[in-house]
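Visitor: Could you take me through this structure, starting with the ligand and then the sheets?
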Amino acid sequence: MSDTDTTMNAALEKAEAGVRRMRAARDDRWYPSTHIAASAGWINDPNGLSFVDGRYQVYFQHHPYSTEWGPMHWGHVSSDDLVTWRREPIALAPSTTADRDGVFSGSAVVRDDGALAVVYTGHRFRNGVDEDEGNLQVQCLAVSTDGGRTFSKEGTVIDCPEGFVHFRDPKVWKQDGRWFLVVGVSTLDRRGQVWLYTCDDPELTTWDFDSVLYEAADPNVFMLECPDFFPLSRSGEPAYPGDPDVRWVLVFSPMGATPHGYTNRNGNNAVYVVGDWAPGRPFTDVSPDRPSDSGANYYAPQTFQAPDGRRILFGWMGSFTAPEPTRAADAWCGQFTAPRELRLSASGDSVSTVPVAEYARLRQDTVATGPVSVGLNEDVVLAEDIRNSADIELEIDLDRTTAERVSLLVHATPTGNHTAVSWDSQSGRVWLDRRLSGAGDRGYRSVPVPASDGTGDAPTLRLRVIVDRGSVEVFVGDGEGVISSAVFPPEGPRALVLSSESGTAELPTVTVHRLRSIWEDPADR
Ligand code: FRU
């Protein structure tokens, strides 16, 4: 074992002990039952999403010593079906000069020799303590030959451009026998850009700068974190790079974006643009930037291609800036979205997002089903107590509904709290409103009713809502809109209620499935 490995192993053992100490104090009132989270401590971005040795690998930015962001490690969970997750040992810890202050975000690919190669950002504060004099960030390689459980660090593979203070989050893919990588950059004149590198070396050690792939139009945007760049096909068939029927999607998390109207409402927002690209050609966008998710807690999503060709995404359903009550006393903070499949819309200029088909395997029983008519200003209780997680499918017949607002109230407690998921006839939008959610941040977010649902001969609005102990995700129509937010409801029974205002509502379909936990370890359920 090299000296580098010995130093990291000592750091990993210490980190595991840190998590175990905090785990003993974990409060599960909001701990996710069907979403990935650390067993204790802080998490942010999904990292290294991959499939190796028959298992899906999900790593995450992890601070194992507290519920606050701190020196970053890579936590790890794995699964053979995308819905049952096993905890793995922490995979990477700061241990070299280059990653002294953090093993920052990055991605993983399976090399031709079968090893899992991770390219991540080695992070140092230039002044050794904080960002006041900027960061010194380089891209580093680490390699696993045991299916992603343990890694050897192989050192820096891309150096920091002279004077740059933000240069991070490499995302690697293979195309036509060549490796490509995008990385987020803040230029010397503080413009947010995505840079493209290429590599012809099978070990992934030698990278060449190719081009500036993209620059944010908003001059206030000074950095594009966590870029991801991948093809999606218009036919709905799996999209492989080089397929002529594809569009390319660039996802990134801008820093400094200006809030306007319904967009960029959060301290941190993630967006995407759709365009055309081929190696050696510039990226030409055919869409404006659009939210990757319109919820209050969503950032730094990453995707990977499943063995069957689907493009699968996890986002961080958390925030650097919003108040999250689990930080104070619950010994954990941060969770991921449900795994999602991305598809290119028929028009070829937007992306739809739905839970992966496997999510339905979590359904253990159906507690309410049927058409439901909601009378004038009436509340209909669908389930008295959904304490853990549920997957709810609704259709609202907009032609036969006279109510000016129809709401599904989730986490409705005897204290009068709830989170409202509403269709609002006046704005023509679907809202997720946390004014009465309980603890934590309030505020509301919304997406338009998709044209496919809101118009035509039989306008029916379809909603899929995934509720967990501490989150609500709303998928609208065929996934044209998504709203993901963390919520912190009071203790006690948490009912599901349909509610109409100033009119009646007709719902031809209402199905409520209770979900089993995703955790292999019974102690986490
Ligand atoms: C995004 C981010 C990345 C960075 C990581 C550090 O949330 O700031 O740019 O690599 O988190 O934890």
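Guide: Helices (H or I, at least four residues) and strands (E, at least two) are DSSP runs, numbered from the N terminus. The model is predicted, so local features need pLDDT of at least 70 and side-chain atom pairs count only at pLDDT 80 or more, while totals for chains, interfaces and linings use all residues. Residues are numbered from 1 along each chain as its sequence is written, and side-chain values use heavy atoms, with hydrogens and water left out.

Visitor: Which strands supply at least two residues each to the shell around the ligand?
Guide: They are strand S1 (41-52), strand S5 (103-110), strand S9 (167-175) and strand S13 (223-233).

Visitor: How many residues surround the ligand?
Guide: There are 13, and the closest are Asp45, Gln61, Arg168, Asp169 and Glu225. A residue is near a molecule if one of its heavy atoms lies within 4 Å of it.

Visitor: And how do they divide into nonpolar, polar and charged?
Guide: The shell holds six nonpolar, three polar and four charged residues. Here Ala, Val, Leu, Ile, Met, Phe, Trp, Tyr, Cys and Pro count as nonpolar, Asp, Glu, Lys and Arg as charged, and the others, Gly among them, as polar.

Visitor: What lies 2.7 Å from an oxygen atom of the ligand?
Guide: A polar side-chain atom of Asp45 does, and a polar side-chain atom of Arg168 also lies 2.7 Å from a ligand oxygen atom. For Ser105, a polar backbone atom is 3.1 Å from an oxygen atom of the ligand.

Visitor: How much of the ligand's accessible area does the protein cover?
Guide: The protein covers 96% of the 320 Å² that the ligand has on its own, by the Shrake-Rupley method with a 1.4 Å probe.

Visitor: Now the sheets. What is the order of the open sheet of five strands?
Guide: The order is S4-S3-S2-S1-S20, with mixed pairing. Two strands pair if DSSP finds at least two bridges between them.

Visitor: Why is one side of S4 left without a neighbour in the sheet?
Guide: Strand S4 (86-92) stands at an edge with a single partner strand, so one of its sides has no neighbour there, and strand S20 (332-333) is in that position too.

Visitor: How many bridges join S3 to S4?
Guide: Four bridges join strand S3 (residues 73-79) to S4, and the two run antiparallel. Within this pair, His76 has Glu88 of S4 as its bridge partner.

How values were computed
Polar contact = N/O pair within 3.5 Å; in protein donor to acceptor, adjacent residues only side chain to side chain.
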